[in-house]
Number of protein chains: 2
Amino acid sequence: MTRIVKSPDIRTNELIDCAQRLFFEHGYENTTVNDVIREAGLSKGAFYHYFASKEALLEALAARMARQSLDEMRPLLEDPSLDGVGRLNALFANSRRMKVDMAPQLKNTYNALFKPENTVLYHRIDEALTEVTLPFMTEILRRGQEEGSLDAPDPEAMALMLLNLRLGVAKVMYRALQQAEAGDVESAAAMLDSWMQSYGLAVERVLKLPEGSIQVTEPGFARAFLAA
Amino acid sequence: MTRIVKSPDIRTNELIDCAQRLFFEHGYENTTVNDVIREAGLSKGAFYHYFASKEALLEALAARMARQSLDEMRPLLEDPSLDGVGRLNALFANSRRMKVDMAPQLKNTYNALFKPENTVLYHRIDEALTEVTLPFMTEILRRGQEEGSLDAPDPEAMALMLLNLRLGVAKVMYRALQQAEAGDVESAAAMLDSWMQSYGLAVERVLKLPEGSIQVTEPGFARAFLAA
DNA sequence: TAGTAATAGACCGACCGTCGGTCTATTATC
DNA sequence: GATAATAGACCGACGGTCGGTCTATTACTA
């Protein structure tokens, strides 16, 4: 047997890469540790040298995704030309752009995370993501409240409310995706558009913003994403 | 071996009872089918006679809980003396009363459902509960919109927004519960009170209701629940 | 400083215990 | 006699363990 020794963190990253591919494609429960090591070209022993358990691998994956997500958002807070509403809109515009640009991967992600049998995967990632997103959103609201661009007494609580709304919309996107993949793209797009509209309205209302100031969606977005 | 034959649905209900006890106490994944049948005094063969799988048992449990929850809410819709806001307040008052009256069981439920290792249990029950709660809430909003007591264009979408908010608050209640059980009842109560306040505010805002028209909490509620 | 001994830790894969689920045989019920 | 209900031995798959090997680096010696 050829034996290739690499630095530990290269190994861990490789294992997390494999985990991401396999967990997302087949689900966490349906992926065995043997699958992972076969894909990574390692042995059981090596795996348990780097990770204490299969769960630990999942946690590492979740943590890495959270880190990446934070790195993408962070620049927004540094931009001085934006006020609270501007930041929120930039956030939504970002996520919109990414959804269209990386539609295939994103679709795959949604399909993986919200598949009913993938609850464990979903939970761990949601947890990790919330952990970084909540402080971020809180900071946006706190500053917006300070400068008076939006109305969020108790910014952290309000931030959580916004994240809860977003999570619900993500679930709806999954449903639309399913419907679109079943062939019914047009009506799925119409449905998704209407939900996004309501989502935007809810966000505006929660922050007491005038109608039309928040743009979570734009004409044709749902179709662009679903048909991509 | 004594052999006690009962009517089938008595058996299924007994099995669901055991499942409820065991899943809630030890979690779904940590409860084995053998645990369930030992508790129920049945054999493997009997179990697989009534349920196709362990998952099927979980689904039956979730369905039963959803049915019970709907039965509790339904009277509300029949009461003609209430308008949209009145129904919402009645709903919140109901759940408040129940939380205090049945604090021990409710606490147990929260602890079980939101425990990190119980994601599967949580998801299935959330799914089943949403399935009955969403149409119910939609109907409340639809009527409220019709009679002008609240502002919910696209009642179903807005209903979902409200349920998403509620779910987030449930998670916060779990956190408060943990903190209270760790001994810090007072500060847990203070925290929970403040989150409930924000929750109420968010609900009001989403439905464009004047501040103070929705009462999701009341003075001393958090302490009453947590200290019970 | 070259050569060697010692140590750390990366890595291997056979093996184990547990668990969900199956199968066949037996017993109750109508 | 047919069918529903029950028993429990058994199976295969899976997560995880364990004894041990191999390599690269460090410490020691002459």
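Predicted model: local features only at pLDDT ≥ 70, side-chain atom pairs only at ≥ 80, totals over all residues.
Residues are numbered from 1 along each chain as its sequence is written, and chains are lettered from A and ligands numbered from 1 in the order in which they are written.

A rotation of 180° with 0.0 Å of shift along its axis places chain A on chain B with an RMSD of 0.1 Å (a least-squares superposition on the C-alpha atoms of residues with pLDDT of at least 70 in both copies). The two copies are therefore related as by a two-fold rotation axis. At the interface, 19 residues of chain A are in contact with 19 residues of chain B, contact being defined as C-beta atoms, placed from the backbone, within 7 Å. On the chain A side, two or more residues each come from α8 (119-147), α9 (155-181) and α10 (185-206); helices here are DSSP runs of H or I with at least four residues, numbered from the N terminus. The greatest share is that of α9(A), with eight residues. By class, this side of chain A comprises ten nonpolar, six polar and three charged residues (nonpolar: Ala, Val, Leu, Ile, Met, Phe, Trp, Tyr, Cys and Pro; charged: Asp, Glu, Lys and Arg; polar: the others, Gly among them). Because 100% of the interface residues of chain A are also interface residues in chain B, the copies meet through the same surface.

Chain A is assigned domain 1 (8-51) and domain 2 (62-227), with bounds from an automatic or database domain assignment. The C-alpha centres of these domains of chain A are 30 Å apart. Six residues of domain 1 and nine residues of domain 2 form the contact between them. The domain 1 side consists of four nonpolar residues, one polar and one charged.

Within chain B, the axes of α4 (residues 54-78) and α7 (residues 119-147) come within 9 Å and cross at roughly 25°; axes are lines fitted to C-alpha atoms over the stretch in contact, and angles run from 0 to 180 degrees between N-to-C directions. α4(B) is therefore roughly parallel to α7(B), a term for angles under 35 degrees. Residues in this contact include Leu58(B), Ala62(B) and Leu77(B) of α4(B), and Leu121(B), Ile125(B) and Phe136(B) of α7(B). The contact holds 14 nonpolar residues, one polar and five charged.

Terms used
Contact = placed C-beta atoms within 7 Å. Parallel < 35°, antiparallel > 145°, perpendicular 65-115°, else oblique.
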